[in-house]
Each structure stands twice: as C-alpha cells, then as structure tokens.
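Student: I have a protein model to go through. Can we take it by question and answer?

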Amino acid sequence: MDGYPFVLPYQVRISDINYGGHVANSAVLDFFQEARIAFLRQLGGFTELAIGDGCGLILPEAQLVYRAEMFHGDLLEIGVRLRESQRSAVVLEYRIERQGTLTAEGSTVLVAFDYGARKPRRLPAAFVERIRCLQAAAEEGSPFP
C-alpha cells in the first residue's frame, strides 16, 4: 500500500457486520484500533497504555470516511501512517483496502496522557525518537523501521 509504511492484514468477522449485512461504521473504528495497537508494538514495543515515562495515549478525536461496503470474510489491508507529530500529540492516518480498492479511510488524534496524574503530558523522548525514525524512513520510501 503506497505511502503507508505499516500494513496489517485483517479478515472481517461476523461480529463486524451490522443489520444491513455489511461492516458497521463502529467496526471500522475497531479496525483502526487493531492496526494502531500492532503499529505501536512494531514501532518499539509500545502500547496505548505505555509509551514511556509513565504515560500512555488517549484518543480525543477520530475521523472516518466509509468509501465502499465490506462484507463478512473479506480480506482487508489496513495501512497506518503518521500525519504529524506535535509536542504532546500525534495524528495517525488509516487506509483500508480490499484487493487494492479503497473501502475506508480516516485519522485519529492521540494525546500523551499520564493516567496516574489524570492529565496530558509531553510525548516521551524515546517515543518521539521512534516516530522521527518512522518519518525519515517514510520520506525516503524505506520500509517500516
């Protein structure tokens, strides 16, 4: 998937289907989360609850555009890439394809959060360094570091 340094294969489950017989919009947000969890793990063993320095990530904003129906059993590819990195937040973009055809796309804003203090924090230095490596690799057209 061009421009997406990380791609997760996914097969649509029956629990992803709504009463209309296709993938529910809410399931697409779950697809984004599955891909994000795998992306963070690959990025450096991070999780949504542990990105270093005692903090994790919270998701205050998500955007989703459903482009084509998806059905039970479909084999999908979910691409993840970094759109931007800020002092205390990152924006990830997602693209879902079925056999090369776009079916959904969107983005999430992820804010560094200290769950103990219950407040936002700066992104940890090690996490920022891995994100910078990813950005550099993506700009060079290199595979996921």
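Student: Is glutamine 99 buried or exposed?
Tutor: Start with the cut-offs: buried means under 20% relative accessible area, exposed over 50%, and partly exposed in between, with a 1.4 Å probe and protein chains only. Glutamine 99 has 79% relative accessibility, so it counts as exposed.

Student: Where does glutamine 99 lie?
Tutor: First, the elements: helices (H or I, at least four residues) and strands (E, at least two) are DSSP runs, numbered from the N terminus. Strand 4 covers 89-98 and strand 5 covers 101-114. Glutamine 99 lies in the loop between strand 4 and strand 5.

Student: How can I trust the numbering and the values?
Tutor: This is a predicted model, where local features need pLDDT of at least 70, side-chain atom pairs count only at pLDDT 80 or more, and totals for chains, interfaces and linings use all residues. Residues are numbered from 1 along each chain as its sequence is written, and side-chain values use heavy atoms, with hydrogens and water left out.

Student: What is the phi of glutamine 99?
Tutor: Glutamine 99 is not a glycine. Even so, its phi is positive, at about 50°.

Student: What is the phi of aspartate 53, and where does it lie?
Tutor: Aspartate 53 lies in the loop between helix 1 and strand 2 (56-66). Its relative accessible area is 53%, so aspartate 53 is exposed. It is not a glycine, yet its phi is positive, at about 55°.

Student: Is arginine 36 buried or exposed?
Tutor: Arginine 36 lies in helix 1 (residues 25-44). Its relative accessibility is 4%, so it counts as buried.

Student: Which side chain makes a polar contact with the side chain of arginine 36?
Tutor: A polar contact is a pair of N or O atoms within 3.5 Å; within protein, one must be able to donate a hydrogen and the other to accept it, and residues adjacent in sequence count only if both atoms are side-chain atoms. Contact means heavy atoms within 4.5 Å. Leaving aside neighbours within four places in sequence, arginine 36 is in contact with residues including Leu59, Leu92 and Tyr94. Its polar contact, at 2.7 Å, is with the side chain of glutamate 48.

Student: What pattern does the protein follow along the sequence?
Tutor: Its secondary structure comes to two helices and six strands. Read along the sequence, the pattern is β-α-β-β-β-β-β-α.
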